[in-house]
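Biologist: I would like to learn how to read the features of a model like this one. Please take them in turn, with the general idea before the case.

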Amino acid sequence: QVELVESGGGLVQAGQSLTLSCTATGSFFGIQSMAWYRQAPGKQRELVAAISSDSTTNYADSVKGRFTISRDNAKNTVYLEVNSLKPEDTADYFCNAEVKRMWYSQYNNYWGKGTLVTVSS
């Protein structure tokens, strides 16, 4: 069983910062890409940032320059540093990872349960 566990969300004021963490737990062979998505009330889930196994990163235009994604492969953990937060960043933030359970298996997509970030103006 593979589980992604997020932490670090909370209530902050506009302009403040947070660091979100997501750790993959359970039994697995390897992790390929990891990513953060977010879903605001009444809106579709959207990609915020992604990082490949060689640490190549990709960001949504709305967060470029404010958010930074990184990973610690030894800890099976991906981070999202969110700076200069705006009220429109308020959303549930979900971790996503492509995980291979066994050396011979394919990569499958896994999701965390989400961590809520609320930004007050």
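Predicted model: local features only at pLDDT ≥ 70, side-chain atom pairs only at ≥ 80, totals over all residues.

Biologist: How many bridges pair β5 with strand β6?

Modeller: Two strands pair if DSSP finds at least two bridges between them. Here β5 and β6 (residues 57-59) are antiparallel, with three bridges. Alanine 50 stands opposite asparagine 58 in β6. Alanine 50, in β5, also stands opposite alanine 35. Strand β4 (residues 30-39) pairs with β5 (residues 46-51) over five bridges, again in the antiparallel sense. The hairpin of β4 and β5 has six residues between the strands, and glycine 42 takes a positive phi near 80° there.

Biologist: What is the strand order in the open sheet of four strands?

Modeller: In a regular strand the side chains alternate between the two faces of the sheet. The order in this open sheet is β1-β3-β8-β7, with antiparallel pairing. Its edge strands, β1 (2-7) and β7 (67-72), each pair on one side only. Strand β3 (residues 18-26) is joined to β8 (residues 77-82) by six bridges, and leucine 20 stands opposite leucine 80 in β8.

Biologist: Which residues have the most contacts inside the largest nonpolar core?

Modeller: A nonpolar core is a set of buried Ala, Val, Leu, Ile, Met, Phe, Trp, Tyr and Cys residues joined through side-chain atoms within 4.5 Å. Buried means under 20% relative accessible area, exposed over 50%, and partly exposed in between (1.4 Å probe, protein chains only). The largest core has 32 residues, and those with the most contacts inside it are Trp36, Val48, Phe67, Ile69, Val78, Leu80 and Tyr93. Elements that give two or more residues to this core include β1, β3, β4 and β5. The most comes from β9, with five residues.

Biologist: Which salt bridges does arginine 38 form, and is arginine 38 buried or exposed?

Modeller: Side chains of opposite charge can pair when their charged atoms come close. A salt bridge is a side-chain nitrogen of Lys or Arg within 4 Å of a carboxyl oxygen of Asp or Glu. The structure holds four of them. Arginine 38 meets glutamate 46 at 2.7 Å, N to O, and forms a salt bridge with aspartate 89, with the closest N and O atoms 2.9 Å apart. Arginine 38 lies in strand β4 and aspartate 89 in the loop between β8 and β9, so this pair ties together parts that are 51 residues apart in sequence. Arginine 38 counts as buried because its relative accessibility is 6%. Aspartate 89, at 1%, is also buried, while glutamate 46 is partly exposed at 35%.

Biologist: Which residues are linked in the network of salt bridges?

Modeller: Arg38, Glu46, Arg66 and Asp89 are linked in the network. Another salt bridge joins lysine 64 and aspartate 61 (3.1 Å, N to O). Lysine 64 is exposed at 51% relative accessibility, and aspartate 61 is exposed at 66%.

Conventions. Residues numbered from 1 in each chain as written. Heavy atoms only, no water.
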